[in-house]
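Please look over the structure shown here before reading the short report that accompanies it.

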Amino acid sequence: MNEQHIAYRIKQYLNQGLDLDSARLARLKSARDQALASQRVESPAAALAWAGNVIGRFGGPASLIPRVLLPTAVLILGLIAINQWRDSQQAVEIEEIDAAVLTGDLPLDAYLDKGFDAWLKRPSH
Amino acid sequence: MITSGNCSNLPQAAKKEAPLASRNELSEFLAGVERRAYKQALFAVRNDENALDIVQDSMLKLAQKYGDKPAAELPMLFQRILQNTIRDFYRRQKVRSLWTTLLSALSPGRDEDESDPLETLESEPDSKFGENPADRLERYQVVELIEKEIKRLPPRQRQAFLLRYWEELDVAETATIMGCSQGSVKTHCSRAAHALAAVLRTRGIEL
């Protein structure tokens, strides 16, 4: 008697022993349903789902505007305002020096400063 | 030793671009394999509840980790998970029995006369066959005998025989799941088949 024949006959008997009672069948069905409910599914929209999760962490598109975009806009406007204020301050300082030079209203210390003298002798002035 | 549950060693045929398993395909696969899986676990752990738990855990692991794999890969993945879950059960049971032995040796209060030997008889998994109608008794007795002898096989022989001939995996797949060579699988299968035939012959059953 060869191995294949023995295995085939034993397999037949084993299959006859698969008639389980209703309690065991119900338990197996319950296990199967539980497994199917947690089946991992990879869909083409997985990347979108990932992006959705990232956005969702911020509370979804509805809350994205007040929570992210608004502070960003305020920050940008603030930086622009600071930059313009610095430019205007520099212009005022230059205007004051120019006015003082033209009206001869400079303090005496300014003429003792060799650097200032050299500055005055430059051809552009 | 059974290897870990990744699918890197799957045969190339199963790795081809195959459609992923849909919910229906997974459901059909599980429905087809669950009773054999239960019996396999029962042969190994010899306890009805534990066997059902093992099948449930295996189904969950398959669905959660490999539910998006092609349907062709499911049989081998499931068998690998099932065998690993059975092995994990053995390990846990070994640790538990060690602690039980230690604790019972340390605690003096328990009197052995308090235990009822009849309680242990209720957990015999084979007792359900005695409840079958008389006209089916003979057939079930043969089935019962074969199942009992399969339980008595050495674990590696039983594992190889069931995977190869009941689950119809080929030698290479069986070897991958068992973490051994194909030659070892053939040896285990041959010894198991001939041992079963010899035992059944002594009981007057010719295959």
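## Chain A overall

This is a predicted model, and in it chain A has six helices and zero strands, so that from the N terminus on its elements run α-α-α-α-α-α. Of the 125 residues of chain A, 18% count as buried, while the chain exposes about 9,500 Å², of which carbon and sulfur atoms supply 62%.

## Nonpolar cores

The largest nonpolar core holds 34 residues, and those that touch the most other members are Ile10(A), Leu14(A), Ile146(B), Ile150(B), Phe161(B), Leu162(B) and Leu207(B). At least two residues of this core come from each of α1 (3-16) of chain A and, in chain B, α6 (137-152), α7 (155-166), α8 (171-178) and α9 (182-202); with seven residues, α9(B) gives the most. A second, separate core comprises 31 residues, among them Leu26(B), Ala41(B), Leu52(B) and Ile54(B).

## The kink in α2 of chain B

Helix α2 (residues 23-45) of chain B has a kink of about 40°, centred on Glu34(B). Just after α2(B), Arg46(B) takes a positive phi of about 60°.

In soluble globular proteins, nonpolar side chains tend to be buried together.

Conventions. Residues are numbered from 1 along each chain as its sequence is written. Chains are lettered from A and ligands numbered from 1 in the order in which they are written. This is a predicted model: local features need pLDDT of at least 70, side-chain atom pairs count only at pLDDT 80 or more; totals for chains, interfaces and linings use all residues. Side-chain values use heavy atoms; hydrogens and water are left out. Helices (H or I, at least four residues) and strands (E, at least two) are DSSP runs, numbered from the N terminus. Buried means under 20% relative accessible area, exposed over 50%, partly exposed in between (1.4 Å probe, protein chains only). Accessible areas come from the Shrake-Rupley method with a 1.4 Å probe; for residues, only the protein chains shown count as cover. The bend at a residue is the angle between axes fitted to the seven residues ending there and the seven starting there. A nonpolar core is a set of buried Ala, Val, Leu, Ile, Met, Phe, Trp, Tyr and Cys residues joined through side-chain atoms within 4.5 Å.
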